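Dear colleague,

Please find below the structure that I am handing over to you, followed by a short account of what was found in it.

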Amino acid sequence: MSNLMSSTTSKIMLMAKRDYCLTINSTTTRVLTFHRRLTCSAAATPRLVPNPPDLVKWVRREGGFVHPSVRIAESDPYGLGLVASEEIPKGSELIALPEHIPLRFPLLESDNADESYSNLVNLARHVPEELWAMRLGLKLLQERAKAGSFWWPYISNLPQTFTIPIFFPGDDIKNLQYAPLLYQVNKRCRFLLDFEKEVRREVEDVKLEAHPFGGKDVDASSLGWAMSAVSSRAFCLRFQNGNHGDVRMMLPLIDMCNHSFNPNAEIVQEQRSKDPKMLVKVVAGMNIKEHDHLTLNYGCLSNDLLLLDYGFVVQSNPYDCIELKYDGGLFDAASMAAGVSNPSFSSPAPWQRHILSKLNLEGEQALLKVTLGGPEVVEGRLLAALRALLASDAETVQKCDLDTLKSLDVEAPLGLATEIAAFRTLVALCVIALNHFPTKIMEDESLLKQGVSTSTELALQFRIQKKSVIIDVMRDLTKRVKLLSSNESIVSQS
Ligand SMILES: C[S@@+](CC[C@H](N)C(=O)[O-])C[C@H]1O[C@@H](n2cnc3c(N)ncnc32)[C@H](O)[C@@H]1O
């Protein structure tokens, strides 16, 4: 329960002042500061410099290919995007980039032997794997600071600000109303503040030639900018040859494509396209009409990840879900509210414990986070646990394999009564989860209508979507209970 929409006030939060800044335990430290207001409207997505060089021309000049009917254009409300100025047939090559254009962090010492580079690699070692975007962000900052960088035509076209929650005013972080996301935002803010100190310590006595950022000061704000630029734009390419594995890189121009779960374009890698000159290509996945925006699928991502890494939320996102903690006390309470007498979640029998261990819901390494929503509707481990713990006898359960217990497609593997009890418990859990949100969807919607800042709008949209996920799960399960109950009454009548 502790993980579920807790109202715990976070110790670290971003506070709204005239600019955006970050505070720790109420001691104001101006670190993440932007002199322009956060906004995501297209016309107001300022780039790093007012009139950056033409990116299309640069890619072509460097040996890349850009389809003659592809243009950079406003893509309201998504910022800039790529648009077809004429019809483009399915299968057409849209963009191709040679090996030297993507921006990556080559960790091979021989690739870059100078001292400033080794210092950069040393800094990157302080970044945990899950914050990989900061590692590549260090390389981006190095190139941003370098006079005459090869990538300046690309970097100067990057947005000046991002609508990512680490830059939200404190009130809007709270407005998200969802503990798992608040936890991630706070963790990232804390990391940036600590990393700022680390970077300053490491470069303090370094001479100018060896300075990773050409002597320029790097604070939490610029680190946050770089991390956000990378997390919202980098792609992960998979290499089969040369032991590269997965490599994250920034793909100039390709990263002007906005996201859709039904994209009209796709990325093809050099191995598949059999064109050794080009590292990566974008190809039309369907016929693209004149004025259509080119879109790529950034991945099957929940709104938590979309907001945290990209700064936007998708309505009715099929991959959105809510997190719950598997907790005996909470599940007993939900089960009793659903009309089950004497549920055994707090004190499972030894055979039930055995199943919980197999589901990794018990034991030292147990993973207690379970999810509702998304394509699965109920996470398989959670469904199997409910079915097994609400079943009356060990024998019936032990006859079923774990995959059957985990599947929502297998109807009532332990009998109708157990299935109805499991679904009713889930519906009661949904009610508890919904009641944890301090506001109702209708209140959120009327706040949205009042005209709010971009960060408030994003926070409101995010929490509306989370509540909608819960309501959709409740609807789905209630329908299943009704169907099962009618089957049950047919069985008892006959
Ligand atoms: C890879 S960049 C795409 C180019 C970007 N629009 C620009 O102006 O540079 C990703 C960013 O575009 C915006 N974006 C992309 N797809 C979006 C979508 N479906 N809804 C809202 N914003 C989107 C978000 O700001 C995201 O962080």
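Helices (H or I, at least four residues) and strands (E, at least two) are DSSP runs, numbered from the N terminus. Residues are numbered from 1 along each chain as its sequence is written. The model is predicted: local features need pLDDT of at least 70, side-chain atom pairs count only at pLDDT 80 or more, and totals for chains, interfaces and linings use all residues.

Just after helix 10, Gly339 adopts a positive phi of about 95 degrees. Within helix 10 (residues 328-337), Phe331, Ala334 and Ser335 are buried (20 or more other C-beta atoms, placed from the backbone, within 10 Å of the residue's own). Seen down the axis of helix 10, the buried residues fall within an arc of 100 degrees, so they line one face of the helix; the arc is that of the directions from the helix axis to the C-beta atoms. Helix 15 (416-435) is included in what covers these buried residues, where contact requires C-beta atoms, placed from the backbone, within 7 Å.

The sheet is open, with 4 strands in the order 4-7-12-11 and antiparallel pairing; two strands pair if DSSP finds at least two bridges between them. Strand 4 (65-66) and strand 11 (265-269) stand at the edges, each with a single partner strand, so one side of each lacks a neighbour in the sheet. Strand 7 (residues 93-98) pairs with strand 12 (residues 278-284) in the antiparallel sense over 5 bridges. Pro98 has Met278 of strand 12 as its bridge partner.

Yours sincerely

Methods
Buried ≥ 20, exposed ≤ 12 C-beta atoms within 10 Å, placed from the backbone. Contact = placed C-beta atoms within 7 Å.
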